[in-house]
Amino acid sequence: MLEQNLRATGTVRPDRQSAYKNHRLQAFIWTPSNAIEYGRGWLRDRILAALPKQKYAGVIVALVIGDQRAIEQSDWSIFNRTGVGHLVAISGLHITLIAGLFAALAGFLWRRSFFTRAQLPLVLPAPKVAVLAGLLAALMYVLLAGFGIPAQRTLYMLCVVGLAYWTGRLTHISYVMCLALAVVLLFDPWALLWPGFWLSFGAVAIILYASSGRVGSDAVTEPQILTPVQRRRQPSRMARTWRALRAGAYTQYAVTLGLLPLTLLLFGQYSLVSPLANAAAIPLITILIAPLSLLGSVLPSPLSEWLLLAAHALLELLVQFLGWLSSQPFAVWQAPMPSPWMFALALGGTLLLLAPRGWPARWLGLFGWLPLILNTSGWPEQGQVRVTAFDVGQGMALLVETPQHRLLYDTGPYYSPESDGGNRVILPYLRARGIDHLDAVVISHNDNDHSGGALSIFKEIAVDRVYSSLAPTSPIVQAAPDHKRCQAGQQWRWEGVAFDMLYPAPVSYDSDKWKPNARSCVLKVSLGKHAILLPGDIEAVQEDELVNGGNAALLRADVLLAPHHGSGTSSTEAFLQAVQPGLAIFQVGYRNRFNHPKPEVLARYGRLGIRGLRNDESGAILLQFDDKLTVQEYRREHARYWYGK
């Protein structure tokens, strides 16, 4: 939000008490940016109206105006697993194609003086007119794309090449890229924080580096005029086609190999099927689907509907092929995000592998990849337990790790149909660590802020067993592998670490008078004399049952996950005195509407000498139990530079 100059966010809620209902103001204030957004909205509505109830209409919208909001999360999973996500938008390749088509059309018409006798080429040379028309078309297309980083990079590079052509200067493409890089950062320094910035310029840099010494000079020169003898000695059409295919295949190989270390550094995974997927997707989208979508969005009806339906049919066939590729077990290589030295070594090895002809022993670059390939997810040492309290907003999610097992307690909140704590926070963290398997998941109860990310996690991560207090008809229970109902008395041990379920009692499931909070799964994790208590959203009545139920001694723990996020209906003094924690963790969202934790509850913890840590202030909180308790706060360890001393 900071990078996009958004200073605040808000929510419009239905006003059920007032006689005046919320309604959208049909007012338009004319500014250049508003006019562009109005045009983008008009095109979007036109495409969606022409493709009613079509599954991939959102992808067509993304190809025309760069608006990706209507693409379903399941489709994004396919695109990301096959490495074609860069094509599901207005990419540099699309902009260059459109600029070239308009340039060719303008040059063709200008040479013929638009079929008049005006002799326009005598006024201004046709090649310069073609360059100007191509730049104007690229500018309009980039504005439609929302001015994203890849689109900016392409526009600025085209502008530098066009300016060089108009001024009669020879310009090396490497200079063009550096000038475009400087202009992007001049207008938007925060672009450095966006992965697309590094991938976009990185891809161009790799292509330039890998092609040096192979395809000749990288200078942009005037078209060469051949003599009849030279034209006769030109290679045949078949030979030229074969040469072009070889060049395209090598370029794809160079980009695939060259961006692998950077992609692992940014995302912790890499698509092994991306070369095959891109070989099919790039020509189909660039040559057929994108042009048909553009023409269909502006031409009059019924021609527009026919073109858009044709584009959608081709896209549907492509996605079916990509879906088959993504379903293969070898589709994605997932590994922990490399450390800086691993990345630097792998990048050096990659540059050696792609070095120009004549470099000796280029194969030695493979050894630079060994640390990256052999990198594995770290485990706690024997006699240790690691607990990560995620910063999921107003919700709950903790990862408990022993030397050989992992358990996830709660799965974060539900944000929207496309977004939840599972796919936005927990899964990216697991991928960054190279974790693709969980031994157990405990879902304390049915509230969305605790179970909202469960389905996303079940789809992406292998889970052996699930404990919950949810009803048997719950979609989460139906999707869960080896589901077991939480109940007091369940216990197991992993590498000397004891897991004890303290609540709810089996009889509580026979009554329908309790809210989901009252059936929260209360789990205690113990290692020797150290323990952490995870009570979910239990409230005062359940706390009293635990304190006075004859097992109060089992409540003793060094760390307490504050019940119900520190609400006013929980954390009773008797319960806190029974637990006697030295540290309490409040998993709450920044400025949450419930005002959790309540000031009186915080005062109660402070009066009893309990230190409190909050995810909205500390970010993710890492606890390590061994001979002592070690606490790390992410925002303290990785503070933004503007918080530096």
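Predicted model: local features only at pLDDT ≥ 70, side-chain atom pairs only at ≥ 80, totals over all residues.
Colleague: How many salt bridges does the structure hold?

Modeller: Side chains of opposite charge can pair when their charged atoms come close. With the cut-off of 4 Å between nitrogen and carboxyl oxygen, the number of salt bridges in the structure is 16.

Colleague: How many residues apart in sequence are aspartate 67 and arginine 44?

Modeller: Their side chains meet in a salt bridge, at 3.2 Å from N to O. Elements here are DSSP runs numbered from the N terminus, where helices are H or I with at least four residues and strands are E with at least two. Aspartate 67 sits in the loop between α2 (57–65) and α3 (73–82) and arginine 44 in helix α1, so the pair ties together parts whose separation in sequence is 23 residues.

Colleague: Is arginine 69 buried or exposed?

Modeller: Buried means under 20% relative accessible area, exposed over 50%, and partly exposed in between (1.4 Å probe, protein chains only). Aspartate 67, at 10%, counts as buried, while arginine 44, at 22%, counts as partly exposed. Arginine 69 also forms a salt bridge with aspartate 67, with the closest N and O atoms 2.8 Å apart. With a relative accessible area of 64%, arginine 69 is exposed.

Colleague: Which residues join glutamate 401 in one network of salt bridges?

Modeller: Glutamate 401 forms a salt bridge with arginine 433, the closest N and O atoms being 2.7 Å apart. Salt bridges with shared partners join Glu401 to Arg386, Arg406 and Arg433.

Colleague: Which cysteine does the disulfide join to cysteine 486?

Modeller: A disulfide is a covalent bond between the sulfur atoms of two cysteines, and the cut-off here is a pair of cysteine sulfur atoms within 2.5 Å. A search of the whole structure finds 1 disulfide. At an S to S distance of 2.2 Å, cysteine 486 is joined to cysteine 521.

Colleague: What is the hand of that disulfide, right or left?

Modeller: Both cysteine 486 and cysteine 521 are buried. The torsion about their S-S bond is about 100°, so the disulfide is right-handed.

Colleague: How far is the nearest cysteine sulfur from that of cysteine 159?

Modeller: Cysteine 159 is partly exposed, with a relative accessible area of 33%, and cysteine 178 is partly exposed at 46%. Cysteine 159 is in no disulfide, and the sulfur of cysteine 178, the nearest one to it, lies at a distance of 17 Å.

Colleague: What volume does the largest cavity have?

Modeller: On a 1 Å grid over the protein atoms alone, a cavity is a set of points where a 1.4 Å probe fits but cannot get out, and a pocket is an open set with protein on both sides within 12 Å along at least five of seven lines; lining residues have an atom within 4 Å of a point. Points are joined across faces, edges and corners, and a volume is the space filled by probe spheres set on them. The structure holds 2 cavities of 30 Å³ or more. The largest cavity has a volume of about 50 Å³.

Colleague: Which element gives the largest share of the lining of the largest cavity?

Modeller: For classes, Ala, Val, Leu, Ile, Met, Phe, Trp, Tyr, Cys and Pro count as nonpolar, Asp, Glu, Lys and Arg as charged, and the others, Gly among them, as polar. This lining has 11 nonpolar, no polar and no charged residues, including Val59, Phe79 and Ile285. The largest share, 4 residues, comes from α13.

Colleague: How many polar residues does the lining of the second largest cavity have?

Modeller: About 40 Å³ of space lies in this cavity, and Val385, Ser526, His530 and Phe625 are among its lining residues. At least two lining residues come from each of β5 (385–389), β15 and β16 (530–534). Its lining has no charged residues and 8 nonpolar ones, and the polar count is 2.

Colleague: Which residues lie nearest the centre of the second largest pocket?

Modeller: That pocket has a volume of about 500 Å³. Its lining counts 16 nonpolar, 2 polar and 1 charged residues. Of the 19 residues that line the pocket, those nearest its centre are Ile98, Phe102, Leu144, Leu294 and Val298.

Technical notes
Residues numbered from 1 in each chain as written. Heavy atoms only, no water.
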